[in-house]
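Subject: Structure handover and notes

Hello,

Here is the structure you asked for. My notes follow below it.

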Amino acid sequence: MLSEMPRPGLAKRSATYEDLLKVPDHFVAEILEGELYATPRPAMPHAVAASALGSELGGPFQQGRGGPGGWWILDEPELHLGSDVIVPDLAGWRRSRVPQVPAVAAMTIPPDWICEILSPSTEALDRVPKLNAYARERVAHVWFINPRSQTLEVLRLEGARWTVVGTHDGDVSVAVEPFDAVPIDLYRLWGRDAPAS
């Protein structure tokens, strides 16, 4: 297959928000490092993991039921971080930084925590340009959840570098930062009501 050769004097233009708005609704559209990415909506294991995690965190950390509260946990918020437009699977802001969620279409305040549910079609995007943007914006914690391998990878930003502070798999209950006040049942993320026997 031949690829088009660049012609002298022609520069590739960066994607704009208007370009993003033209993407059909059945895709997730993001702009990272000036490039427009449109990915299909995730498969059911991805959706189950994201919904279950939101349920696990919402009561104790957003509502303060059985936990300390003090967070806003949002599903698929649109983030405008510098020139990037990013839609993480979940994001959280400490209420000490964001006392009220603004009545806007997109957040410009970087989250304190982000979770990306890994899919084969988006893993490279989640692990490279998105993670670079999260570091640039000083997001303190990133989780990667992989429903296929049933793993949770926990990263913490230290200076300008990410440190893996824990990896967990299977059906265990884990207390992981920044939500270590209440354990999370990983088996729920894999779509089970109880640990596998």
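Leaving aside neighbours within four places in sequence, which residues is threonine 151 in contact with? They are Phe144, Ile145, Asn146, His168, Asp169 and Trp190, where contact means heavy atoms within 4.5 Å.

Before the rest, some conventions. This is a predicted model, in which local features need pLDDT of at least 70 and side-chain atom pairs count only at pLDDT 80 or more, while totals for chains, interfaces and linings use all residues. Residues are numbered from 1 along each chain as its sequence is written, and side-chain values use heavy atoms, with hydrogens and water left out.

Threonine 151

Threonine 151 is found in strand β9 (residues 151-158); strands (E, at least two residues) and helices (H or I, at least four) are DSSP runs numbered from the N terminus. Its relative accessible area is 27%, so threonine 151 is partly exposed (buried is under 20%, exposed over 50%, partly exposed in between, with a 1.4 Å probe and protein chains only). Histidine 168 is 17 residues away from threonine 151 in sequence, with a C-alpha to C-alpha distance of 5.6 Å. The side chains of threonine 151 and serine 149 make a polar contact of 2.9 Å. A polar contact is a pair of N or O atoms within 3.5 Å; within protein, one must be able to donate a hydrogen and the other to accept it, and residues adjacent in sequence count only if both atoms are side-chain atoms.

The sheet

An open sheet of six strands has the order β3-β6-β7-β8-β9-β10, with mixed pairing (two strands pair if DSSP finds at least two bridges between them). β3 (71-75) and β10 are at the edges with a single partner strand each, so one side of each has no neighbour in the sheet. On average, neighbouring strands of this sheet are turned by 15° against each other, direction ignored. Axes are lines fitted to C-alpha atoms, for helices over the stretch in contact, and angles run from 0 to 180 degrees between N-to-C directions.

β3 pairs with β6 (residues 90-94) in the antiparallel sense over five bridges, and aspartate 75 stands opposite leucine 90 in β6. β7 and β8 run parallel and are joined by five bridges; tryptophan 113 has histidine 141 in β8 as its bridge partner. Six of the six residues of β8 are buried, so this strand is largely enclosed by the rest of the structure. His141, Trp143 and Ile145 point one way from β8, and Val142, Phe144 and Asn146 point the other way.

Helix α2

α2 bends by about 45° at leucine 57, and proline 60 follows within four residues. The bend is the angle between axes fitted to the seven residues ending at a residue and the seven starting there. Glutamine 62 lies in α2, and a polar atom of its side chain is 2.6 Å from the backbone nitrogen of isoleucine 73. After α2 comes glycine 64, with a positive phi near 75°.

Aspartate 171

Aspartate 171 lies in the loop between β10 (161-169) and β11 (173-174). Its relative accessible area is 18%, so aspartate 171 is buried. The side chain of aspartate 171 makes a polar contact of 2.3 Å with that of arginine 192, and reaches the backbone nitrogen of alanine 196 at 2.5 Å.

Regards
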